[in-house]
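Here is a briefing on one protein structure. Keep the sequence and the 3D view open as you read.

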Amino acid sequence: MFLQQPGPIGIFDSGYGGLTVFDKIREAMPDYDYIYLGDNARTPYGPRSFEVVYRFTRQAVIKLFSEGCQLVILACNTASAKALRTIQQRDLPELDPERRVLGVIRPTVERMDQVSATKHIGILGTSGTISSHSYSMEIEKMFPHITVTGEACPMWVPLVENNEFNSPGSDYFVKKHLDHILSVDPMIDTLVLGCTHYPLLIDKIKQYLPEGITVFAQGEYVAESLKDYLKRHPEMDRKLTRHGECRFLTTESADKFTEAASVFLNGRIEVEQIAID
């Protein structure tokens, strides 16, 4: 069904947020080739049902496979929470059992026991990620002694995507959710940014936190985990091309994506508009 020669690493997100993960992966592994796909025409994924997120994510994965990707990273917490397992267990054996799809939740969870002294952790995420309880379940499996509290922050993505994350208007929404999660569990000493948009709010978040609380952004840990994965799976590493090239695809306006991406990547990029179904 798909071409079998080596190809780029595919990185998928529902919109722009995954660019924060892509940027860290590219920084850690600059020689590899990448295709970034943002499903901006159908974002946000956060409020959507499991069934819809799975269907959209599956379509995006198939598109990246058709573009030559042997390995796809779901750089979207909602897609990782609601679609990854089904794609790995049900779809890959039929589509191509040699290809791989990885998410961002497990590489994040693997660090939790190291970073938290109190073993009380807060997860800040979209409504979809929090309601899926994916972080809680993964942490329970690995570290049953850790207490997890989730907080849905539905306004944070629009603030970032409308370039309002540094505006005075964002202070209310940031402070509101931080105050609430810390009132639910005052022993929290680590807050995980469980959405790839949230690193752009990190300065604002730190402004409203008491001292001694670690803010945990995913990008660099996902990048380290991917490097480790490829060391442990040289058969996959051999299927990845290395010319240092990047392609950016969007299901919405290419001009709009280019403008928004400059906020995440601090530079302008070439973008292609595509359709997926």
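The points below cover strands, aromatic rings, charges over rings and one glutamine. The model is a predicted one.

**The open sheet**
- Four strands form an open sheet, in the order β6-β5-β7-β8. Their pairing is parallel.
- The edges are β6 (147-152) and β8 (214-216), and each of them pairs on one side only.
- On average, neighbouring strands of this sheet are turned by 25° against each other, direction ignored.
- Six bridges join β5 (residues 120-125) to β6 in the parallel sense. His120 has Thr147 in β6 as its bridge partner.
- Strands of a sheet pair through backbone hydrogen bonds, either parallel or antiparallel.

- Strand β3 covers residues 71-74. Both of its faces are covered. Leu71 and Ile73 lie on one side, Val72 and Leu74 on the other, and all are buried.
- Strand β1 (residues 9-13) pairs with β3 in the parallel sense over four bridges. Gly10 has Val72 in β3 as its bridge partner.
- Strand β4 (residues 100-102) also pairs with β3 in the parallel sense, over three bridges. Here Ile73 stands opposite Leu102 in β4.

**Aromatic pairs**
- A pair of aromatic rings is described by the distance of the centres and the angle of the planes.
- The whole structure holds 13 aromatic pairs.
- Tyr16 and Phe264 form a stacked pair, 6.1 Å centre to centre with 25° between the planes. This pair links distant parts of the chain, 248 residues apart. Tyr16 is in the loop between β1 and α1 (19-28), while Phe264 is in helix α14 (residues 254-265). Both residues are buried.
- Tyr45 and Phe56 have ring centres 5.8 Å apart and planes at 50°, so this pair is tilted. Tyr45 is in the loop between β2 (34-38) and α2, and Phe56 is in helix α2, 11 residues apart. Tyr45 and Phe56 are buried.
- Ring pairs also build a cluster, with Tyr16, Phe22, Tyr34, Tyr36, Phe248, Phe257 and Phe264 linked together.

**Charges over rings**
- The charged end of Arg42 sits over the ring of Phe56, 3.7 Å from the ring centre.
- The charged end of Arg99 sits over the ring of Phe65, 5.3 Å from the ring centre.

**A closer look at Gln59**
- Where is Gln59 placed? Gln59 belongs to helix α2 (residues 50-66).
- Is Gln59 buried or exposed? Its relative accessible area is 17%, and buried means under 20%, so Gln59 is buried.
- Leaving aside neighbours within four places in sequence, Gln59 is in contact with Arg42 and Asp277.

Terms used:
Residues are numbered from 1 along each chain as its sequence is written. This is a predicted model: local features need pLDDT of at least 70, side-chain atom pairs count only at pLDDT 80 or more; totals for chains, interfaces and linings use all residues. Side-chain values use heavy atoms; hydrogens and water are left out. Helices (H or I, at least four residues) and strands (E, at least two) are DSSP runs, numbered from the N terminus. Buried means under 20% relative accessible area, exposed over 50%, partly exposed in between (1.4 Å probe, protein chains only). Contact means heavy atoms within 4.5 Å. Two strands pair if DSSP finds at least two bridges between them. Axes are lines fitted to C-alpha atoms, for helices over the stretch in contact, and angles run from 0 to 180 degrees between N-to-C directions. Rings of Phe, Tyr and Trp (its six-membered ring) pair if their centres lie within 6.5 Å; planes under 30 degrees apart count as stacked, over 60 as edge-to-face and the rest as tilted. A charge sits over a ring if NZ of Lys or CZ of Arg is within 6 Å of the ring centre and within 35 degrees of the ring normal.
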